[in-house]
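Take a look at the structure below.

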Protein chains: 2
Amino acid sequence: MSRVRVHNFSISLDGFGTGEGLTIEAPFGHAGHRLHEWMFATRAWGEMTGQPGGSTGVDNAFAQRNGPGIGAEIMGRGKFTTQTGPWTDLGTEDEWRGWWGDNPPFHTPVFVLTHYPRPSIEMEGGTMFHFIDASPQEALDRARAAAGDLDIRIGGGPTMVREFLAAGLIDMLHIVQVPILLGRGERLWDGLEGMDERYAIETVASPSGIVHLTFTRRP
Amino acid sequence: MSRVRVHNFSISLDGFGTGEGLTIEAPFGHAGHRLHEWMFATRAWGEMTGQPGGSTGVDNAFAQRNGPGIGAEIMGRGKFTTQTGPWTDLGTEDEWRGWWGDNPPFHTPVFVLTHYPRPSIEMEGGTMFHFIDASPQEALDRARAAAGDLDIRIGGGPTMVREFLAAGLIDMLHIVQVPILLGRGERLWDGLEGMDERYAIETVASPSGIVHLTFTRRP
């Protein structure tokens, strides 16, 4: 059976996966870029964005695991847009098509969880956004049907990762803990008491200052 | 000037320094011993408790830094006892004198913060418990006067460590992050947004599975 994976999910030392005050200009709110600077410094990021150079050590080794073997992604609406409620821009010239330009870095079907379904959007490079109102298990069934033998990536944000963890649906979870204190925002770990017992957990500190935590579900 | 230090302060992955439901039998509540098993496995702990053996690697290197150079400790009442409110056992045969037996491992003056001052208790081996109703700064002034040129240890629990951090009084903070999810209890990091900017932070993962975080105040 294909696996359900989370990669490169960054949280602060106090457990926040986003800050407060999310806008189109500041998709992580007052956290700014601080949760993801480690990733921007890697060669994997450079290759994806067409920048030369980048680090090739442990941070890069983790970062580049994000893509291979993935046949579909499931993301929360909050990762696709900061809009909430009914879509107001459908069919307009300014219709929002995500943060990622005409050729998003997914190259697979992407299922966006929302209480407001809307027509799918086909992008260049193989990315197709589907908008579905579904439980975690239902969304996973849809994604598996689309992904064939390949794995499913759970893309975030923190609320939906937490929901998939609470539902026991995640096989591999890669968390990056960044040594900053955000103080406010959306926490990843709330309500997951005892979850550690269901996983083998490996921890490695990077010379860059971050910590990589890998949770592998026990058989 | 003497330094203000925190050592071996253990928290869960979700940031709790104690669990819920603290009693005399379970001083860390539903956390049990899980936050401190790493310490019990060290040679430093064995030497303190008269047990032979124990690990001599990185966990032990950190654990044994707890004692040397300390001239006084400040602790919250919750570390001394699970009693709250007015003391009810003063002068009785069962008067509570802490968890640590007749010869506690402090061997210095210990200032216990409480809204209910009471007479000091002299123990064997140089430990003297003083019970004072004081702000963090006032308590630190008292402890410094007692400690001479030596350093002050801030002993916990999480609430009082957080208060001393918020007041900007801590020079060196050693946090041990244990890969468990407690889900409930008392958090260390609440309300400390941006505190990381005032410290140099070093992180090392131990083969035992825990992470040592060392915060050194910037000059």
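Predicted model: local features only at pLDDT ≥ 70, side-chain atom pairs only at ≥ 80, totals over all residues.

Five residues are the place to begin: B:P136, B:A139, B:L140, B:A143 and B:A147 are the buried residues of α5(B). Look down the helix axis. The buried residues of α5(B) fall within an arc of 100 degrees, so they line one face of the helix.

What covers the buried residues of α5(B)? Several strands of chain B take part, including β1 (4-12), β3 (70-76) and β4 (109-113). Strands β6 (128-132) and β7 (151-154) are also part of the cover, and so is helix α6. After α5(B) comes B:G148. The phi of B:G148 is positive, near 65 degrees.

In chain B, α6 covers residues 158-166. Its buried residues are B:P158, B:M160, B:V161, B:R162, B:F164 and B:L165. Note that an arginine, B:R162, is on that list. In chain A, the buried residues of α6 include A:P158, A:M160, A:V161, A:R162, A:F164 and A:L165. A glycine follows the helix in each chain. B:G168 follows α6(B), with a positive phi near 70 degrees. A:G168 follows α6(A), and its phi is also positive, near 70 degrees.

Which residues does it join in chain A? It joins A:G156 and A:G157, with omega about 0 degrees. A:G157 sits in the loop between β7 (151-154) and α6 (158-166) of chain A. Chain B has a cis bond to show as well. The peptide bond from B:G156 to B:G157 is cis, and its omega is near 0 degrees. B:G157 lies in the loop between β7 and α6 of chain B.

Next, turn to strand β1 and its asparagine. A:N8 is found in strand β1 (residues 4-12) of chain A. The phi of A:N8 is near 55 degrees, a positive value in a residue other than glycine. Is A:N8 buried or exposed? A:N8 has 22 C-beta neighbours inside 10 Å, so it counts as buried. Here the cut-off matters: a residue is buried if 20 or more other C-beta atoms lie within 10 Å of its own. B:N8 belongs to strand β1 of chain B. B:N8 has a positive phi of about 60 degrees, although it is not a glycine. B:N8 is buried too, because 22 other C-beta atoms lie within 10 Å.

For a contrast, find B:H115. This residue is in the loop between β4 and β5 (121-122) of chain B. B:H115 counts as exposed, because it has 10 C-beta neighbours inside 10 Å. B:H115 and B:R77 are 38 residues apart in sequence, yet their C-alpha atoms are 9.0 Å apart.

Now go to the core. The largest nonpolar core has 106 residues. Which residues have the most contacts inside it? They are A:I74 and B:I74. Leave aside the neighbours of A:I74 within four places in sequence. A:I74 is then in contact with A:F111, A:L113, A:A139, A:L140, A:A143, A:I152, A:I154 and A:G155.

A rotation of 180 degrees, with 0.0 Å of shift along its axis, superposes chain B on chain A. The RMSD is 0.0 Å. That is the relation of a two-fold axis. In chain B, the C-alpha nearest the axis belongs to B:A205, 2.7 Å from it.

The contact takes 22 residues from chain B and 22 residues from chain A. On the chain B side, strand β10 (residues 199-205) gives the most, with four residues. By class, that side of chain B has 12 nonpolar, six polar and four charged residues. Why do the copies meet through the same surface? Because 100% of the interface residues of chain B are also interface residues in chain A.

Terms used: Residues numbered from 1 in each chain as written. Chains lettered and ligands numbered in written order. Least-squares fit on C-alpha atoms with pLDDT ≥ 70 in both. Contact = placed C-beta atoms within 7 Å. Buried ≥ 20, exposed ≤ 12 C-beta atoms within 10 Å, placed from the backbone. Helix = DSSP H or I, 4+ residues; strand = E, 2+ residues; numbered from the N terminus. Nonpolar A, V, L, I, M, F, W, Y, C, P; charged D, E, K, R; others polar. Core = buried A, V, L, I, M, F, W, Y, C linked by C-beta atoms within 7 Å. Arc of directions from axis to C-beta.
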